[in-house]
Structure formats: C-alpha cells, structure tokens
Amino acid sequence: PAWLRRLCGQLLSERLMRPNGVQAVVRGIMEGTGGGTDAEAAAVDWRKCDAVAKILASCPQQCLSLEDYYKRVCPQILDLLHIQDKLTARQFQRVATTTLLTMAKEHPQLAEKYLLQPLLAPLLRCSDA
C-alpha cells in the first residue's frame, strides 16, 4: 500500500541522514549476500549492489536540499571504501563506486565537490609538492 511505501521511505531517509546511517542501511540490505562462488549468487550480489547504489544516489523528499543531502551522505559513501573485513569490503566498495558513478552522472557539480575532491585530495597534495 502507498502509506506503507511512504512510511518505509521516510524511515529509510531518516536513517541515511544520521551518522553512520549509510553503512547501517547497506549492511541491512546486503546481509546474507556474497560468500557464494556460483554465478547466480554473484548476479544477485551485483543486482543488490546496484539497487542500494540507486537508493543512495536518490535524494529523499524529506531532505531540505540536494546539496544538504550530498553534504551529509557523501562522506559516508567514501567511508564505505575503507571497510576492513574482506568479505563485506568487496560489496561495500561495489556499492560505493556504483553510487559515485550514479551521482556523478546525475549531479556532476555536487559529486565533484563532495565525492571526487575529497577522494582525490591526497593525490592532488602529492602532485602540488
């Protein structure tokens, strides 16, 4: 029903905007995938990663502005690249890179400011020296 969809969307949006909310949402959705070696499990894993990336790249209706959403969520997306556990790191990195690509296509200026510049800052510092 529409009311349930709205309520779930609102709860999801609220969680994403909290500190470590992105990681909690990704963990919740991706739980139980991966670890398999067959092609079917890998395909399910890819589809889930793509679905999570689309969710993360979409600004919720409850958010005050698109820039505010990017400001809060993008650092959390970059944090997904630093997960230490090898099993979850692969999935989280896949989600992070797909989200980054989606955001860069949809809103290149905001993606550059909140994703690409922080991601490339160490390289730029080295090249300036």
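Q: How many helices and strands does the secondary structure of the chain come to?
A: This is a predicted model, in which local features need a pLDDT of at least 70 and side-chain atom pairs count only at pLDDT 80 or more, while totals for chains, interfaces and linings use all residues. Residues are numbered from 1 along each chain as its sequence is written, and side-chain values use heavy atoms, with hydrogens and water left out. Helices (H or I, at least four residues) and strands (E, at least two) are DSSP runs, numbered from the N terminus. Along the sequence the chain follows the pattern α-α-α-α-α-α, and its secondary structure comes to six helices and zero strands.

Q: What percentage of the residues in the chain is buried?
A: A residue is called buried under 20% relative accessible area, exposed over 50%, and partly exposed in between (1.4 Å probe, protein chains only). Of the 129 residues in the chain, the share that counts as buried is 33%.

Q: On which side or sides of helix 2 do its buried residues lie?
A: In helix 2, which covers residues 21-30, the buried residues are Gly21, Val22, Val25, Val26 and Met30. Because they cover an arc of only 150 degrees around the axis, an arc taken from the directions that run from the helix axis to the C-beta atoms, these residues lie on the same side of helix 2.

Q: Which residues does Arg94 contact, leaving aside its neighbours within four places in sequence?
A: Arg94 lies in helix 5, and it counts as buried because its relative accessible area is 14%. A contact means heavy atoms within 4.5 Å. With neighbours within four places in sequence left aside, the contacts of Arg94 are Asp45, Trp46 and Cys49.

Q: Which residues does Thr98 touch, not counting those up to four places away in sequence?
A: Thr98 also has its place in helix 5, which spans residues 86-106. Its relative accessibility is 17%, and therefore Thr98 counts as buried. Apart from residues up to four places away in sequence, Thr98 touches Asp50 and Ala53.

Q: What distance separates the C-alpha atoms of Glu106 and Ser58?
A: Glu106 lies in helix 5, where its relative accessible area of 45% makes it partly exposed. Although Glu106 and Ser58 are 48 residues apart along the chain, their C-alpha atoms are separated by 9.4 Å.

Q: Which helix gives the largest share of the lining of the largest pocket?
A: On a 1 Å grid over the protein atoms alone, a pocket is an open set of points with protein on both sides within 12 Å along at least five of seven lines, and lining residues have an atom within 4 Å of a point. The lining of the largest pocket includes Arg6, Gly9, Leu16, Ile55, Ser58 and Gln62. With six residues, the largest share of this lining comes from helix 1.

Q: How do the residues lining the largest pocket divide into nonpolar, polar and charged?
A: Ala, Val, Leu, Ile, Met, Phe, Trp, Tyr, Cys and Pro count as nonpolar, Asp, Glu, Lys and Arg as charged, and the others, Gly among them, as polar. By this grouping, the lining of the largest pocket divides into five nonpolar, six polar and one charged.

Q: Is Asn20 buried or exposed?
A: Asn20 has its place in the loop between helix 1 and helix 2, and it has a positive phi of about 60 degrees although it is not a glycine. Because its relative accessible area is 55%, Asn20 counts as exposed.

Note on methods. 1 Å grid on protein atoms, 1.4 Å probe; cavity = no way out; pocket = protein on both sides within 12 Å on 5 of 7 lines; lining within 4 Å.
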